[in-house]
Amino acid sequence: QVQLVESGGGLVQPGGSLRLSCAASGSIFSINAMNWYRQAPGKQRELVAAIASGGSTNYADSVKGRFTISRDNAKNTVYLQMNSLKPEDTAVYSCNAAVQHDRYSDYSQYWGQGTQVTVSA
């Protein structure tokens, strides 16, 4: 019913920047929290950044000051600007959203397919 499509991943040198996008489409009445997670090989998935519908944000300590999450509610899209990238930021990045299909329904969680970010010289 809802699709989340990420874009913007790729290979970047240490110290470089990337901007990830995640667009939600389908049966959407409203979206509450939108989040970015990442999972590196052999590690558990971790929450990188979160943004509420009103715009308040939270970040993992490891990315504070380097990553910025933002959203465009008119486009149902969340962004992750990643600066000063480090090799340890290498992971598959996935977006997640809590979506309400109509004014009477509960929020349901949806996930994107993930996009690879590789930071290497």
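**View 1. The largest nonpolar core and the residues at its centre of contacts.** Of the 30 residues in the largest nonpolar core, W36, L80, M82 and Y93 touch the most other members. A nonpolar core is here a set of buried Ala, Val, Leu, Ile, Met, Phe, Trp, Tyr and Cys residues joined through side-chain atoms within 4.5 Å, and buried means under 20% relative accessible area, exposed over 50%, and partly exposed in between, with a 1.4 Å probe and protein chains only. Among the elements that give two or more residues to this core are β1 (2–7), β3 (18–26), β7 (67–72) and β8 (77–82), while β9 gives the most, with five residues. Strands are DSSP runs of E with at least two residues, numbered from the N terminus. The model is a predicted one, in which local features need pLDDT of at least 70 and side-chain atom pairs count only at pLDDT 80 or more, whereas totals for chains, interfaces and linings use all residues. Residues are numbered from 1 along each chain as its sequence is written, and side-chain values use heavy atoms, with hydrogens and water left out.

**View 2. The open sheet of four strands.** The strands of this sheet follow the order β1-β3-β8-β7, with antiparallel pairing. Because β1 and β7 stand at the edges, each with a single partner strand, one side of each is left without a neighbour in the sheet. Two strands are said to pair if DSSP finds at least two bridges between them; β1 and β3 have six, and S7 stands opposite S21 in β3.

View 3. Six bridges join β7 to the antiparallel β8, and R71 stands opposite V78 in β8. Four residues lie between the two strands of this hairpin, in which N76 takes a positive phi near 50 degrees.

**View 4. Two residues of the loop between β9 and β10.** H101 is placed in the loop between β9 (91–100) and β10 (107–111), and H101 is buried, with a relative accessible area of 17%. Y104, which lies in the loop between β9 and β10 as well, is exposed, with a relative accessible area of 74%. The side chains of H101 and Y110 are joined by a polar contact of 2.8 Å, a term for a pair of N or O atoms within 3.5 Å of which, within protein, one must be able to donate a hydrogen and the other to accept it, residues adjacent in sequence counting only if both atoms are side-chain atoms.
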